[in-house]
Amino acid sequence: VLDGNGTIIAVNSAWRKFAAENNPPSASLPANCDIGTNYLEICRGARGAFSAEADIVHAGLRAVLNGDRKSFSIEYPCHSPKSQRWFLMSAMQMEGGHGGAVIVHTDISERKLAERLQSEQSRMLEMIASEQPLESTLDMIARGIESLADDVLCSILLIDETGTRLRHGAGPSLPDAYNSAIDGVAIGPGVGSCGSAAHTRQEVVVEDIVTHPFWRDYAALAVPIGLRACWSIPLIDAKGLLLGTFAIYRRTTGAPNNWHRKLISMATYVTALSITTARARAALIDSETRYRRMIGALTEGIVLFDSEGHVLSVNPAAERLFGMSEADIIERWRDPRNSPTPIDEDGNPVPYENRAVVRALIGCAGLPYPYAARSSEHFGQCSPRVITSSIQAEMTCSSTALRALTLNSSATFGLPHGFPLWP
């Protein structure tokens with residue numbers, strides 16, 4: 001409680017505890033924030049990282065004491081040596097016309113931390129969706145977790161192809177020499193925190209690296225660089241397969257608190273998601289490469305349409321068949337009605353709506369729907385096939401329902417004006 005001049009005239013026990021925890025003798029604010037101290041002078045004399053907030057508080061509080069406004073509030077950080085904290089300061093006019101104000105500080109750390117956690121997770125998920133290299137994504141995840149807690153250093157290790165060792169994935173705040181030393185660590189019981197976590201597929205919490213038996217062979221690497229605790233969590237995908245480990249190191253001994261548990265939960269989720277997404281993306285690229293090689297080697301002409309009947313791609317055999325390049329075919333058939341006109345067995349043009357490709361595109365019953373197309377010189381077959389969802393996934397074309405048209409190299413079609421005859 002302040003008088004009209006801003007001098008503290010009454011406090012409760014919670015305020016004394018708060019002042020003692022947040023104003024140690026080495027701080028820029030005086031340790032004595034008890035009765036008789038002028039609150040305005042404390043704000044005016046503030047220096048350092050939070051001096052800007054102190055200036056805002058001084059101006060707002062002065063306005064309340066002068067009667068220019070009834071209340072004032074501000075959210076501000078007030079981190080202690082042990083944790084990150086935020087408070088909401090609210091100042092209200094004293095009633096009764098005697099001047100003065102009541103100041104209340106409310107701890108809002110839980111809400112602010114939850115907001116930061118949500119924001120950081122959204123940023124991580126956006127990067128995963130942006131198809132950045134896995135190395136960059138893992139580095140960003142590690143740095144993001146480190147930014148959310150004091151005295152935390154992160155390491156991500158990935159299982160190798162043999163399934164017996166862990167390889168370096170990310171460790172942006174750990175010395176390069178240390179990252180190199182643990183690159184390739186064996187998976188097994190009692191092999192540090194990470195090797196043990198990967199072996200048991202359970203969290204391994206080592207509160208003191210110096211004394212824990214799991215670190216008997218590795219303490220000499222960690223202790224000289226100030227690492228005293230290590231909590232390692234196995235990364236498991238939806239199928240139950242081991243992906244690697246996520247480790248949190250600290251420079252002080254101890255077990256994870258509730259906030260650390262929330263960080264661990266988010267870290268393991270987004271890290272496992274980034275690894276599985278990167279692997280799935282690599283598998284799709286490999287599958288598409290194999291698909292293109294296979295289609296390119298076929299002697300039959302292959303034309304790939306979208307659901308509107310527009311040509312997406314053709315294979316080399318189709319280019320030879322039509323006597324045009326893929327780009328020319330795509331451009332010429334931009335309007336599906338300009339595509340070559342099939343001839344029925346009697347030599348008559350097949351109406352557009354009765355063409356096999358059109359009937360396939362509109363989902364006619366009984367697919368696949370082959371029909372014969374003949375001229376006086378050649379007889380061939382056009383066999384449309386609907387591409388199933390599994391093939392769509394293989395071709396990484398999930399946004400469009402695709403259809404395929406297989407053209408036998410002996411088929412002959414009537415061509416509209418301007419189309420060259422193929423050999």
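A cavity here is a set of grid points where a 1.4 Å probe fits but cannot get out, and its volume is the space filled by probe spheres set on those points. The model is predicted. Four cavities of 30 Å³ or more are counted.

**Second largest cavity**

- The volume of the second largest cavity is about 90 Å³.
- Two elements each give two or more residues to the lining of this cavity: helix H6 (176-182) and helix H7 (192-200).
- H7 gives the most, with four residues.
- The lining residues include Gly192, Ser193, Cys194 and Gly195, and also Tyr178 and Ile182.
- Leu157, Val185, Val191, Trp215, Tyr218 and Tyr249 are likewise among the residues that line the second largest cavity.
- By class, the lining has nine nonpolar and three polar residues, with no charged residues.

**Sheet**

- Six strands form an open sheet with antiparallel pairing, in the order S6-S5-S4-S9-S8-S7.
- Strand S6 (185-186) and strand S7 (204-206) are the edge strands, each pairing on one side only.
- Seven bridges join strand S4 (residues 152-159) to strand S9 (residues 242-250) in the antiparallel sense.
- In this pairing, Val152 stands opposite Arg250 in S9.

**Helix across the sheet**

- Helix H5 (residues 134-147) lies across S4, S9 and strand S5 (165-170).
- The angle at which H5 runs to S4 is about 150°.

Methods: Residues numbered from 1 in each chain as written. Predicted model: local features only at pLDDT ≥ 70, side-chain atom pairs only at ≥ 80, totals over all residues. Heavy atoms only, no water. 1 Å grid on protein atoms, 1.4 Å probe; cavity = no way out; pocket = protein on both sides within 12 Å on 5 of 7 lines; lining within 4 Å. Nonpolar A, V, L, I, M, F, W, Y, C, P; charged D, E, K, R; others polar. Pairing = 2+ DSSP bridges. Contact = heavy atoms within 4.5 Å. Axes fitted to C-alpha atoms, helices over the stretch in contact; angles between N-to-C directions.
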